[in-house]
Amino acid sequence: MTRTVAAAWHAVERRPALVAAAVAAGVLAIALAAIDTLPVGVVHDDGMYVVLAKSIATGHGYRWLHLPGAPAATHFPPGYPLLLALVWWVLPAFPANVIAFKALNAVLLAVAACALVLLAHQRFEFTVAWSACAAAIGCASVPSLVLSSLVMSETLFLALVVLTLLVAEQVNDAARSVPRATALGVLAAVVVLVRTHGIALAAAIAIALFLRGRMRALAAFAIVFAIGIAPWEIWETLHAASVPLAVRGDYGSYSGWLAHGFATNGLGLASRTLARTTTEIFAALTALVGAGLPGVARLVSGASVLALAILGGVRAWASARVTVAFIGLYMAIVLLWPFTPARFLWAVWPLIVLLAMRGARAILEWNPSRPAWRVSRGLAVACALATVVGYATYTARGYRGRWWSSIPRQMAFAVRPLVQWTSQHTRPGDVVASNAELLVYLYADRASVPATALSVNDYFHAPSASASAAALRDILRAYHVDAVAIVANDSLAAAARAMAAMRPPQLVLRDSIPNGLILTSALR
């Protein structure tokens with residue numbers, strides 16, 4: 001029996017590519033099983049991606065088709081919508097093609113898992129078997145399935161990042177690396193054109209090449225990267241004012257949104273954001289790796305996974321410099337970005353798992369001679385085991401309850417009456433203002449605008465009824481709106497009632513739906 005196990009182990013170690021493919025197949029099966037038939041648009045950004053994909057696929061260019069006038073889009077880089085558009089060209093029937101979009105994400109998650117096995121083996125000095133474990137633990141996790149089962153760009157981003165890291169680590173080590181650095185510049189530009197946070201990858205590559213003294217390779221990389229992202233930057237600049245100021249928080253560029261936040265709040269915005277994001281990230285980690293543990297143990301598990309990831313980064317620095325630098329820079333952006341950080345954290349969760357496992361390995365390999373240090377090692381091992389137990393508990397509960405679909409399930413139930421009302425009681429040419437504007441367009445085929453405005457300050461406190469009313473008032477003045485449809489938003493509903501109670505009224509109540517209101521505007 002022992003010889004059989006040993007022979008199997010050696011066979012696995014000799015075939016990393018085959019093992020990587022097997023892990024990818026397993027992750028693909030899990031991700032496909034996680035796909036649901038819930039509508040797209042229930043978490044807002046997924047609907048935005050689909051609208052942009054439809055715009056490209058139907059020959060309208062890169063535009064917000066649902067907004068009156070179909071203005072140019074600058075909020076998201078075009079990488080992921082372009083990929084969805086390819087699927088739309090092949091399968092143009094909506095909403096039937098939503099399943100294909102989600103299946104595409106499942107394939108991308110499998111690609112990420114395959115590449116992660118190779119990255120862990122080549123750069124983190126794991127055996128092939130442990131590399132496979134690391135990839136499976138990260139990519140088949142509930143956070144990864146949450147993102148892959150939605151029509152969101154994070155799964156494409158993860159796949160491209162891991163593939164680019166594989167190339168980047170090789171280029172960083174190569175003596176003659178200028179031609180490959182040129183290709184690396186193209187890859188890094190593609191990553192940024194999928195998610196703006198990908199700038200952390202470009203910076204990490206540049207730093208690694210600089211530290212290696214590869215100045216010619218660095219110059220080639222930087223020039224190609226700049227050329228690659230230039231068209232998008234030019235497009236974004238030319239169309240910065242394509243949508244009214246009232247809706248630029250949701251539909252304008254990220255840079256403009258953030259610049260307005262600093263202009264309004266001053267440099268103190270950075271410290272306020274850091275204080276809040278740090279707390280939220282720790283809470284998210286504690287919930288993930290501390291499930292089923294008592295109070296203090298939950299906090300210890302959250303701190304332990306952070307410590308393990310940091311230790312793993314230190315130990316992996318020599319062999320995976322680009323990867324470690326990327327994760328550090330990426331998390332710095334997340335910490336300073338005034339938005340709920342969990343989604344950004346989950347986008348690179350498999351890489352965080354890889355770092356944490358490298359840190360755990362370092363503790364297991366530590367063999368101190370002093371008794372006091374041995375006690376410390378024992379405590380560290382116990383903390384690491386606590387995170388394993390908590391993470392396993394969370395994962396088991398998540399699989400049992402299909403937690404990756406929890407938010408879409410809740411939102412789909414809430415917004416269904418609004419979409420039905422819009423289909424039945426509005427005319428094809430009408431414009432509807434709603435906090436579910438993307439669903440109104442996609443499923444009721446009505447032009448729509450948001451009924452809320454996204455502000456940097458929303459991250460620190462929910463908008464008051466008066467702030468919601470002011471934002472809605474600005475939107476109604478910017479657009480001719482035939483109906484205002486509100487659902488599952490207490491602050492916005494309170495604002496609408498207050499505007500209807502004014503003398504003269506600014507809104508007129510016309511109908512009600514479960515957990516929502518239908519009004520018309522008296523502002524012209």
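Biologist: A crossing is left-handed if the near helix is turned anticlockwise from the far one by less than a right angle, and right-handed if clockwise; in which sense does H18 pass H19?

Modeller: H18 passes H19 in a left-handed crossing. This is a predicted model, in which local features need pLDDT of at least 70 and side-chain atom pairs pLDDT 80 or more, whereas totals for chains, interfaces and linings use all residues. Residues are numbered from 1 along each chain as its sequence is written, and side-chain values use heavy atoms, without hydrogens or water.

Biologist: At what angle do H18 and H19 pack?

Modeller: The angle between H18 and helix H19 (residues 371-401) is about 150°, and their axes are 10 Å apart. Axes are lines fitted to C-alpha atoms over the stretch in contact, with angles from 0 to 180 degrees between N-to-C directions. H18 and H19 are therefore roughly antiparallel (over 145 degrees; under 35 is roughly parallel, 65 to 115 roughly perpendicular, the rest oblique).

Biologist: Which residues of H18 and H19 meet?

Modeller: From H18, Trp 349, Val 353, Ile 363 and Leu 364 meet Arg 377, Ala 380, Val 381 and Tyr 391 of H19, contact being heavy atoms within 4.5 Å. Seven of the residues in this contact are nonpolar, none polar and one charged.

Biologist: How do H16 and H18 pack, then?

Modeller: Helix H16 (residues 321-336) and helix H18 (residues 349-365) have axes 11 Å apart, at an angle of about 120°. That angle makes H16 oblique to H18, and their crossing is left-handed. H16 contributes Thr 323, Val 324, Phe 326 and Ile 327, and H18 contributes Leu 351, Ile 352 and Leu 355. Six residues of the contact between H16 and H18 are nonpolar, one is polar and none is charged.

Biologist: Changing topic: is Leu 156 buried or exposed?

Modeller: Leu 156 is buried, with a relative accessible area of 8% (buried is under 20%, exposed over 50%, partly exposed in between, with a 1.4 Å probe and protein chains only). Leu 156 lies in helix H8 (residues 154-173).

Biologist: What is Leu 156 in contact with?

Modeller: Leaving aside neighbours within four places in sequence, Leu 156 is in contact with Tyr 80, Leu 83, Leu 108 and Val 194.

Biologist: And where is His 44 found?

Modeller: His 44 is in the loop between helix H2 (16-33) and helix H3 (45-57). Beyond its neighbours within four places in sequence, His 44 is in contact with Asp 250, Tyr 251, Glu 437 and Leu 438.

Key
Helix = DSSP H or I, 4+ residues; strand = E, 2+ residues; numbered from the N terminus. Left-handed = near helix turned anticlockwise from the far one by under 90°. Nonpolar A, V, L, I, M, F, W, Y, C, P; charged D, E, K, R; others polar.
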